[in-house]
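Open the structure in your viewer and keep the sequence panel beside it. The tour moves from one selection to the next.

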Amino acid sequence: MLTVKYALDEFIHDMSALVDDQPDQERLFDLGSQYLERLVVNPDAIPEEYRVPARGRNHGTYMLHHGDNGLLVTTVVWGAGDHIGPHDHRTWGMIGVMDNGITETRFTRHDDRSRDDYALLEKDRETLVRPGEVSLLVPDVDEIHQMDNYSDRPTVEIHVYGSDLRGLQRSRYNLETCEARSFTTTRFDNC
Ligand SMILES: [Fe+2]
């Protein structure tokens with residue numbers, strides 16, 4: 001049987017058309033995750049140089065597409081043992097695992113959000129996200145997570161967001177002290 005692989009430019013075309021259509025959140029995630037699930041089963045869709053950690057680092061982030069409609073598509077590579085603590089995103093997002101797996105821990109925020117420097121978080125669930133699977137980032141509802149690659153080899157993911165992360169004021173959270181600290185993504189490894 002002939003299997004037609006889904007290419008990156010096809011994914012970007014379909015995803016851009018979906019975003020341009022200004023769908024409600026349910027339709028965005030429903031169709032968008034179907035597109036992303038098709039893409040992540042085809043690692044050849046992404047240049048090899050964007051599926052490895054950046055030179056001299058145990059991590060890599062590479063921009064693949066940024067459209068006028070805000071759509072941002074990146075690859076993120078987590079080296080063996082790589083980790084990032086709890087943080088938010090301030091935009092909708094979808095994360096598809098292309099190779100290996102990632103342990104994603106989600107948190108629920110329980111304070112009234114009246115202070116920028118304080119957040120009371122409670123662990124909600126821990127999931128091992130495997131190749132071909134997609135997890136969703138729902139703004140204000142379910143978007144605070146911690147990521148760990150507990151394996152001995154790199155994990156490759158495709159990230160899709162509604163906005164360029166480089167322009168967003170986001171927060172990192174300390175679970176012990178409840179401190180929230182603002183941060184901004186300044187660059188990707190290829191730009
Ligand atoms: Fe994240």
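**First stop: strand β8 and its partners**

Select β5 (residues 102–109) together with β8: these strands pair in the antiparallel sense over 5 bridges. Helices (H or I, at least four residues) and strands (E, at least two) are DSSP runs, numbered from the N terminus. Two strands pair if DSSP finds at least two bridges between them. Before going on, note that this is a predicted model: local features need pLDDT of at least 70, side-chain atom pairs count only at pLDDT 80 or more, and totals for chains, interfaces and linings use all residues. Residues are numbered from 1 along each chain as its sequence is written.

Now pick F107. Opposite it in β8 stands I144.

H87 has H145 in β8 as its bridge partner.

Stay in β8 and select Q146. The cut-offs are 20 or more other C-beta atoms within 10 Å for buried, 12 or fewer for exposed, and partly exposed in between, with C-beta atoms placed from the backbone.

Which residues does Q146 touch, leaving aside its neighbours within four places in sequence? Show I84, G85, P86 and T105. Contact requires C-beta atoms, placed from the backbone, within 7 Å.

**Second stop: the open sheet**

Colour β1, β2, β9, β4 and β7. These 5 strands form an open sheet in the order β1-β2-β9-β4-β7, with antiparallel pairing. β1 (59–66) and β7 (134–137) stand at the edges with a single partner strand each, so one side of each lacks a neighbour in the sheet. On average, neighbouring strands of this sheet are turned by 20° against each other, direction ignored.

Zoom in on β4 (residues 93–99) and β7. They run antiparallel and 4 bridges join them. I95 faces its opposite number S135 in β7.

Select α2 (residues 25–40). This helix lies across β4, β7 and β9 (155–161), running at about 20° to β4. Axes are lines fitted to C-alpha atoms, for helices over the stretch in contact, and angles run from 0 to 180 degrees between N-to-C directions.

Just after α1, find Q22, which takes a positive phi of about 50°.

How do the two helices pack? The axes of α1 and α2 come within 10 Å and cross at roughly 175°. α1 and α2 are therefore roughly antiparallel to each other; the term applies to angles over 145 degrees. Show side chains for F11, D14, M15 and L18 in α1, which meet L28, L31, G32, Y35 and L39 in α2.

**Last stop: the whole chain**

Zoom out. The protein chain has 2 helices and 11 strands. Its C-alpha atoms fill a box of roughly 55 × 40 × 30 Å, taken along the principal axes. Buried residues make up 27% of the 191 residues. Among contacts with a separation of 6 or more, 75% join residues 24 or more positions apart.

Conventions. Contact = placed C-beta atoms within 7 Å. Parallel < 35°, antiparallel > 145°, perpendicular 65-115°, else oblique.
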